[in-house]
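This report covers pockets and surface patches in one protein model. The sequence and the structure come first.

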Amino acid sequence: MTTVCSTLKRFCLRHEWAQLTFAVLGVALFIGTIWGLLSYQLLFLQWLGQNLLIHGLLFGMATLLDTLLIFGLLCLGFSENAHEDKHCIHAFRGRRHRPLVPHVSELAGRLGKNPRRS
């Protein structure tokens, strides 16, 4: 199972179209699950009421499988596109410039420090 996951992740890292496809599928499954549960809420409740133990276990397993599938698709879809971007000098250019409000950044830098020791 781990070889399948690592192969899929490597494939998504190499091909941006696959990464975008998995992201769209994950979001569509998430929205579709919410829409389906809200639209057919009464039918689900009636079905659960017929046999709470068996149907409850089935519903719980289906919910767990759906959640794992959504998170799996989203993790494949939002994986990093290239490892070179991590150590690139130009990745965060805005941090080298002077901040717009320097007093706020100084205040944020002093948060949590003892004023007597600074």
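## Basis

The model is predicted, and the values given here are computed from it.

## The largest pocket

The largest pocket has a volume of about 260 Å³. Its lining consists of 11 residues, of which Cys5, Leu8, Gly72, Leu73 and Leu76 are the closest to the pocket centre. Two or more lining residues come from each of the elements α1 (2-14) and α4 (52-77). The most is given by α4, with 5 residues.

By residue class, the lining of the largest pocket holds 9 nonpolar residues, 1 polar residue and 1 charged residue.

## The nonpolar surface patch

At least two patch residues are supplied by each of α2 (16-39), α3 (41-50) and α4. Helix α4 gives the most to the nonpolar patch, with 5 residues. Helix α4 also gives the most to the lining of the largest pocket.

## Leu43

Leu43 counts as exposed because its relative accessibility is 52%, and the cut-off for exposed is over 50%.

Technical notes
Residues are numbered from 1 along each chain as its sequence is written. This is a predicted model: local features need pLDDT of at least 70, side-chain atom pairs count only at pLDDT 80 or more; totals for chains, interfaces and linings use all residues. Side-chain values use heavy atoms; hydrogens and water are left out. On a 1 Å grid over the protein atoms alone, a cavity is a set of points where a 1.4 Å probe fits but cannot get out, and a pocket is an open set with protein on both sides within 12 Å along at least five of seven lines; lining residues have an atom within 4 Å of a point. Grid points are joined across faces, edges and corners, and a volume is the space filled by probe spheres set on the points. Helices (H or I, at least four residues) and strands (E, at least two) are DSSP runs, numbered from the N terminus. Ala, Val, Leu, Ile, Met, Phe, Trp, Tyr, Cys and Pro count as nonpolar, Asp, Glu, Lys and Arg as charged, and the others, Gly among them, as polar. Buried means under 20% relative accessible area, exposed over 50%, partly exposed in between (1.4 Å probe, protein chains only).
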